[in-house]
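Me: Can you walk me through this structure? I'd like to go piece by piece.

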Amino acid sequence: MKDVRMRGFQERVDVAAVERLIDERVRSLPIERIALSTAAGRMLAEDVVAPCAVPGFDRAAMDGYALRGNETFGADAYAPLEFAVVGAALPARPFLGTVSNGQAVRIMTGAPMPSGADAVVQAEFAEEITGGAQVRITEPAPPGRHVGKRGEDVETGTTVLPAGHRLRPQDLGVLASVGAGNVAVVRQPSVAILVTGDELLPCGARPEGFKIVDSNSVMLAALAERDGSHPARTQMVPDSYEAVKWALQQAAEDVVLVSGGSSVGQEDHAPRVLAELGELCIHGVALRPASPTGLGFLGVRPVFLLPGNPVSCLCAYDLFAGRAILRLGGRATALPYPTTAQPLTRKIASM
């Protein structure tokens with residue numbers, strides 16, 4: 001590698017070339033099966049096909065009376081119709097007989113529709129008389145009214161959700177309804193954040209003397225979790241070759257983010273250490289802010305050298321490190337910000 005310390009970058013790599021390298025070298029992590037109750041926000045790794053219909057039977061969609069709908073035509077408040085109440089149907093407790101002409105079954109929402117009945121008159125338009133032996137209805141219910149048909153939500157064999165779908169809370173409800181107790185998802189990436197700098201105090205401290213508080217670690221940890229990683233492990237690392245080397249050697253995570261120590265100062269050891277322990281593929285990007293960004297690999301694990309300046313660090317993360325974390329987790333790599341094109345009002349010179 002070219003040692004750029006106290007010499008500066010003689011050339012820089014285009015942003016598009018960095019993105020291409022990430023896309024070529026970074027692939028989705030293996031599949032794991034997890035409990036549905038813990039799957040919110042995860043990426044499906046396999047299609048989920050319904051093994052059964054939902055609902056699995058015709059059921060009442062309202063509380064009321066199940067009967068033959070064509071017998072209710074003409075019913076109104078001035079000319080109510082009367083039916084004999086021959087039983088009741090409750091959720092999971094069906095009426096076991098058959099509804100014949102002139103008969104009705106008291107039914108609750110979610111209860112199986114009785115044989116012979118094809119409509120439900122809402123309780124609001126019915127009144128039991130003669131001690132509950134009969135019901136008087138004042139509104140017609142055509143066949144199919146207030147009846148949830150078997151399979152109207154999900155048919156057997158339907159692809160409920162495709163591979164590559166990010167599971168939302170409502171998706172978990174759908175999967176539960178077809179009996180999915182666990183699901184195949186892409187494993188979440190693990191992330192190490194190594195924050196270098198003798199001038200840094202840990203997050204939560206107050207600035208004092210010539211020292212400043214580390215702000216990059218909390219920002220990077222939140223960004224990585226936003227992009228689907230496990231909670232990141234953060235480590236403060238002194239500005240020495242030996243300390244940086246030891247920290248990189250100990251990092252076993254899927255992605256390593258090094259904050260600071262990536263530029264051309266005499267204490268910027270991270271590029272040299274990464275080149276010795278693995279590969280330093282890129283150091284210096286045609287980008288402002290974040291031009292000192294570096295990218296390399298320890299085996300197949302990407303290591304990102306992010307500038308210590310917080311704004312530069314953010315830019316480098318979103319454009320490069322975030323892209324890798326998203327790819328490892330099987331997610332789309334589009335930036336999570338709205339974009340718009342607007343004309344400039346004045347010329348801006350390149351710096």
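This is a predicted model: local features need pLDDT of at least 70, side-chain atom pairs count only at pLDDT 80 or more; totals for chains, interfaces and linings use all residues.

Me: OK, helices. At what angle do H4 and H5 cross?
Reply: Roughly 50°, with the axes of H4 (residues 241-250) and H5 (residues 270-277) coming within 9 Å. Axes here are lines fitted to C-alpha atoms, for helices over the stretch in contact, and angles run from 0 to 180 degrees between N-to-C directions. Helices (H or I, at least four residues) and strands (E, at least two) are DSSP runs, numbered from the N terminus.

Me: And what do you call that arrangement of H4 and H5?
Reply: H4 and H5 are therefore oblique to each other. Under 35 degrees counts as roughly parallel, over 145 as roughly antiparallel, 65 to 115 as roughly perpendicular, and the rest as oblique.

Me: Which residues meet there?
Reply: From H4, Tyr241, Val244, Lys245, Leu248 and Gln249 meet Ala270, Arg272, Val273, Leu274, Glu276 and Leu277 of H5. By class, that contact of H4 with H5 has seven nonpolar, one polar and three charged residues. Ala, Val, Leu, Ile, Met, Phe, Trp, Tyr, Cys and Pro count as nonpolar, Asp, Glu, Lys and Arg as charged, and the others, Gly among them, as polar.

Me: What does E19 pair with?
Reply: E18 (residues 279-283) pairs with E19 in the antiparallel sense over four bridges, and Ile282 has Leu295 in E19 as its bridge partner. E19 also pairs with E20 (residues 301-306), antiparallel over five bridges, where Phe297 is partnered by Pro302 in E20. Two strands pair if DSSP finds at least two bridges between them.

Me: How many residues sit between E19 and E20?
Reply: Two, in a hairpin, and Gly299 in the turn has a positive phi of about 70°.

Me: What about Ser291, where is that?
Reply: Ser291 is in the loop between E18 and E19. At 12% relative accessibility, Ser291 counts as buried. Leaving aside neighbours within four places in sequence, Ser291 is in contact (heavy atoms within 4.5 Å) with Arg12, Gly284 and Val285.

Me: Last one: what's the strand order in the open sheet?
Reply: Six strands run E7-E4-E6-E5-E9-E8, with mixed pairing. E7 (119-122) and E8 (126-129) stand at the edges, each with a single partner strand, so one side of each is left without a neighbour in the sheet.

How values were computed
Residues are numbered from 1 along each chain as its sequence is written. Side-chain values use heavy atoms; hydrogens and water are left out. Buried means under 20% relative accessible area, exposed over 50%, partly exposed in between (1.4 Å probe, protein chains only).
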